[in-house]
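Me: I would like a close look at one part of this model. Please keep it brisk, and give the cut-offs as you go.

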Amino acid sequence: MKVVVKEDILKANDTIADVNRKRLEEHGIFVLNMLGSPGSGKTTCLERLAGMLQGRLRMAVVEGDLATSRDAERIEALSLPTVQINTGGGCHLEAPMVSQAIDDLPLQEIDLLVIENVGNLVCTASHKLGEHRRLVVLSATEGDDKITKYPPMFQKTDAVALNKVDLLEFTDFDVERAVADLSVVNPNAPLFSLSARTGQGFEELVQWLDRERATLFGS
Ligand code: MG
Ligand code: ZN
């Protein structure tokens, strides 16, 4: 007898993720799953993105965290529809959690839904949530070895945001090495060098989002 519990659970998760994606697609909503380590700057990137898209795309956010609603409060302060998922210690979001969260969102009033996953470079990679695209936020302060140390995370993403480039001079992070590693692990994924603190590089990220959205819904 073969025990395939893990595969079965993941399969069930993916089925619900498909339902989520189709439901959101029916409302013309483009969904981005944002992943990365704790402290990589996912929430700050979201804040910056929200500022850039204001008046152009209606954005909503699902915030995944083990505990607290601190990040959701930061996003709510921007007057964006926000739903907090507390996983109660769980280290990743799963599709059924997102299914519940989107019940609480005004789907008619949203063009872009960003799901900020729990900070984690491992099992978040293997759980689809209903996203159209993935963006991994990797920060200059984490070290340039993460792409080769956590291959599934970087293999399964559509793009990488190298955040905190304003701090590069204080670190040993080698951008050329990161770019070279990514070109081996995932040659199709662009890498955007940016700083959520200063706003540097966000034009390119927004252009990528616009392009990817257009491939699904037209411009
Ligand atoms: Mg956060
Ligand atoms: Zn996990």
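How many residues does helix α1 have, and how far does it reach from its first C-alpha to its last?

Reply: This is a predicted model, where local features need pLDDT of at least 70, side-chain atom pairs count only at pLDDT 80 or more, and totals for chains, interfaces and linings use all residues. Residues are numbered from 1 along each chain as its sequence is written, chains are lettered from A and ligands numbered from 1 in the order in which they are written, and side-chain values use heavy atoms, without hydrogens and water.

α1 has 22 residues and reaches 32 Å from its first C-alpha to its last. That is close to the 32 Å expected at 1.5 Å a residue (1.5 Å times one less than the number of residues). Helices here are DSSP runs of H or I, at least four residues, and strands are runs of E, at least two, numbered from the N terminus.

Now the faces of the helix. Leu10, Asn13, Ala17, Asn20 and Leu24 of α1 are buried (under 20% relative accessible area; exposed is over 50%, partly exposed in between, with a 1.4 Å probe and protein chains only). Down the axis of α1, the buried residues fall within an arc of 75 degrees, so they line one face. The arc is taken from the directions between helix axis and C-beta atoms. An α-helix has 3.6 residues a turn, so residues three or four places apart point the same way. Lys11, Val19 and Glu26, on the other side of α1, are exposed.

What does the buried side meet? The buried residues of α1 pack against β1 (30-36), α4 (95-103) and β4 (112-116); contact means heavy atoms within 4.5 Å.

Take Asn13 in detail. Asn13 sits in α1, which spans residues 5-26. Its relative accessible area is 5%, so Asn13 counts as buried. The Asn13 side chain reaches the backbone nitrogen of Ala95 at 2.8 Å. Leaving aside neighbours within four places in sequence, Asn13 is in contact with Glu94, Ala95, Pro96, His127 and Lys128.

After α1 comes Gly28, with a positive phi near 70 degrees.

For comparison, take α2. This helix has twelve residues and reaches 16 Å from first C-alpha to last, close to the 16 Å expected at 1.5 Å a residue. Lys42, Thr43, Cys45, Leu46, Leu49, Ala50 and Leu53 are the buried residues of α2. Seen down the α2 axis, they fall within an arc of 150 degrees, so they line one face. Gly55 follows α2, and its phi is positive, near 80 degrees.

Terms used
A polar contact is a pair of N or O atoms within 3.5 Å; within protein, one must be able to donate a hydrogen and the other to accept it, and residues adjacent in sequence count only if both atoms are side-chain atoms.
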